[in-house]
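Welcome, and thanks for taking a look at this model with us. Please have the sequence and the coordinates open as you read the short tour below.

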Amino acid sequence: MTGITGFLIKKFIPDYKKVADPNVRARFGILEAWVSIIGNIALFIIKIFLGFVTNSIALIADAFHTLSDIVTSI
């Protein structure tokens, strides 16, 4: 396991190789949720900024769609 995914798994799930353990599987799900939330927050900020800079209603609307994805993940 290499790259940022491997780093995150090794950092936050110490016994990541025990995938049959329900607790380990739950930690994988929690990690995925946090990565999704953080990624969507970054996308929201970029889209809303670029939407206002370029005066693009479509990009601003898509930013708010991304915001709804954050709420769904929470």
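Leaving out residues up to four places away in sequence, Ile70 touches Ile37, Asn40, Ile41 and Phe44, where a contact means heavy atoms within 4.5 Å. This is a predicted model, in which local features need pLDDT of at least 70 and side-chain atom pairs count only at pLDDT 80 or more, while totals for chains, interfaces and linings use all residues. Residues are numbered from 1 along each chain as its sequence is written, and side-chain values use heavy atoms, with hydrogens and water left out.

Ile70 belongs to the largest nonpolar core, six residues in all, together with Ile37, Phe44, Ile48, Ile60 and Ala63. A nonpolar core here is a set of buried Ala, Val, Leu, Ile, Met, Phe, Trp, Tyr and Cys residues joined through side-chain atoms within 4.5 Å. Buried means under 20% relative accessible area, exposed means over 50%, and partly exposed is in between (1.4 Å probe, protein chains only). Helix 2 and helix 3 each supply at least two residues of this core; helices are DSSP runs (H or I, at least four residues), numbered from the N terminus. Apart from this core lies another, of five residues, including Ile9, Tyr16, Val24 and Leu31.

## Helix 3

Helix 3 has 17 residues and reaches 25 Å from its first C-alpha to its last, close to the 24 Å expected at 1.5 Å a residue. The expected span is 1.5 Å times one less than the number of residues.

Which residues of helix 3 are buried? They are Ile60, Ala63, Thr66 and Ile70. Seen down the axis of helix 3, these buried residues fall within an arc of 110 degrees, so they line one face of the helix; the arc is taken over the directions from the helix axis to the C-beta atoms.

## Helix 2

The 33 residues of helix 2 should span 48 Å at 1.5 Å a residue, and its end C-alpha atoms are 47 Å apart, which agrees. At the start of helix 2, a side-chain oxygen of Asp21 comes to within 3.1 Å of the backbone nitrogen of Asn23.

The buried residues of helix 2 are Val24, Leu31, Ile37, Asn40, Phe44, Lys47, Ile48 and Gly51. Their cover includes helix 1 (3-12) and helix 3.

Asn40 is found in helix 2 (residues 22-54) and is buried, with a relative accessible area of 13%. Leaving aside neighbours within four places in sequence, Asn40 is in contact with Thr66, Asp69 and Ile70. The C-alpha atoms of Asn40 and Ala63 are separated by 9.3 Å, and the two residues are 23 apart along the chain.

Lys47, also in helix 2, counts as buried at 17% relative accessibility. With neighbours within four places in sequence set aside, Lys47 is in contact with Leu59, Asp62, Ala63 and Thr66.

## The aromatic pair

How many aromatic pairs does a search of the whole structure find? There is one. The rings of Phe44 and Phe64 have their centres 5.9 Å apart and their planes at 75 degrees, so the pair is edge-to-face. Rings of Phe, Tyr and Trp (its six-membered ring) pair if their centres lie within 6.5 Å; planes under 30 degrees apart count as stacked, over 60 as edge-to-face and the rest as tilted.

Phe44 lies in helix 2 and Phe64 in helix 3 (residues 57-73), so the pair ties together parts that are 20 residues apart in sequence. Phe44 counts as buried at 18% relative accessibility, whereas Phe64 is partly exposed at 46%.

## The loop at Asn55

Asn55 follows helix 2 and is found in the loop between helix 2 and helix 3. Phi of Asn55 is near 60 degrees, a positive value in a residue other than glycine. At 66% relative accessibility, Asn55 counts as exposed.

Conventions. A polar contact is a pair of N or O atoms within 3.5 Å; within protein, one must be able to donate a hydrogen and the other to accept it, and residues adjacent in sequence count only if both atoms are side-chain atoms.
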